[in-house]
Amino acid sequence: MTQRFDVLAFGAHPDDVEVAMGGTIAKLSDKGLSTLFVDLCDGEPTRYASRGARQLQAVEAARILGVTRLTLDFHDRLIRDTVEARLAVARLIRVHRPRYVFTTKGSGVHPDHRAVTEIVVNGVFYARLPKWDEVHEVEGAIEGTEPHEVDRLFFARCRMEPAWSSFDFAVDISDTFDRKEAAIAAYASVFHGDQARLVERYAAEDQYHGSLLGVRYAEPFQARSPLLIGDPTAFAKVPFG
């Protein structure tokens, strides 16, 4: 696949991106921006289904949100920040040349979530560097690609991880929340039995963040570097200014 994408969104497992930023991704799709979801692994074995079911559900979730999906061949529970993983991300960035990269920010409740954060941060940096052909230890790893520097790297909060004390901005997803819920509901192999209650918690979190900003639902984000705008009137009105 060599298609250009406006957005690359990386998650450790299928459903991570949908849960953390599904409403935002749906809004980007509505604006005509093309998005590629990249799952670092297939999420197997899954709790409530036989092998392969989660991948089919991931395809359906991507369809609901209007995105394309790609799965890498790392292993659930064993994802680590390695040079190999960084180069895999860097190669995708150099091939697809997105303006925006999103991933989740994990603090280590699930080690895969901490790893994906570091892998993507380092992969974004690797993607911009020239002369990889002179680094003989990784010879051929990103052969045939050109350096690419993204406009912005943003982090959504991985919902398995502790709550953030602050965030840099939030996206009003009131008009796309139903599609986010539908994408999450596609994962019957994950959100079933005792785990089904997580869906209610995720909705409550989006509602809480929305309440802080005077909207029904919102998704919070942190930025890799300070936010810069050319027009300070671009910000939406919120209660108390």
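Me: The largest cavity has a volume of about 30 Å³. Which residues line the largest cavity?

Reply: The model is predicted: local features need pLDDT of at least 70 and side-chain atom pairs count only at pLDDT 80 or more, while totals for chains, interfaces and linings use all residues. Residues are numbered from 1 along each chain as its sequence is written, and side-chain values use heavy atoms, with hydrogens and water left out. A cavity is a set of points, on a 1 Å grid over the protein atoms alone, where a 1.4 Å probe fits but cannot get out, and lining residues have an atom within 4 Å of a point. The largest cavity is lined by Phe177, Lys180, Glu181, Ile184, Val199, Tyr202, Ala203 and Asp206.

Me: How many cavities of 30 Å³ or more does a search of the whole structure find?

Reply: Rolling a probe the size of a water molecule over the atoms shows where empty space is left. Grid points are joined across faces, edges and corners, and a volume is the space filled by probe spheres set on the points. At 30 Å³ or more, the number of cavities found in the whole structure is one.

Me: Which elements each supply at least two residues of the lining of the largest cavity?

Reply: Elements are DSSP runs numbered from the N terminus: helices are H or I with at least four residues, and strands are E with at least two. By class, the lining holds five nonpolar, no polar and three charged residues. Nonpolar here covers Ala, Val, Leu, Ile, Met, Phe, Trp, Tyr, Cys and Pro, charged covers Asp, Glu, Lys and Arg, and polar covers the others, Gly among them. The elements that each supply at least two lining residues are α5 (177-185) and α6 (197-213).

Me: Which elements do the buried residues of α5 pack against?

Reply: Phe177, Lys180, Ala183 and Ile184 are the buried residues of α5, buried being under 20% relative accessible area, exposed over 50% and partly exposed in between (1.4 Å probe, protein chains only). Because these residues cover an arc of only 120° around the axis, taken from the directions from the helix axis to the C-beta atoms, they lie on the same side of α5. On the other side of α5, Asp178 and Ala185 are exposed. The buried residues pack against α1, α2, α6 and β7.

Me: Which residues does valine 17 touch, not counting residues up to four places away in sequence?

Reply: Valine 17 lies in helix α1 and, at 0% relative accessibility, counts as buried. Its C-alpha atom is separated by 7.7 Å from that of phenylalanine 37, 20 residues apart along the chain. With contact meaning heavy atoms within 4.5 Å, and not counting residues up to four places away in sequence, valine 17 touches Ala9, Phe10, Gly11, Gly22 and Phe37.

Me: Which element gives the most to the lining of the largest pocket?

Reply: A pocket is an open set of grid points with protein on both sides within 12 Å along at least five of seven lines. About 1000 Å³ of space lies in the largest pocket, and its lining has 26 residues, of which Phe169, Ala170, Val171, Ala234 and Phe235 lie nearest the centre. The elements giving two or more residues to this lining are α1, β4 (100-105), β5 and β6 (169-172). With four residues, the element that gives the most is β6.

Me: What is the volume of the second largest pocket?

Reply: The second largest pocket is lined by 24 residues, of which Arg54, His110, Met160, Val190 and Gln195 lie nearest its centre. By class, this lining divides into nine nonpolar, seven polar and eight charged residues. The volume of the second largest pocket is about 540 Å³.

Me: Is aspartate 15 buried or exposed?

Reply: Aspartate 15 is placed in the loop between β1 and α1. Its phi is positive, about 100°, although it is not a glycine. At 7% relative accessibility, aspartate 15 counts as buried.
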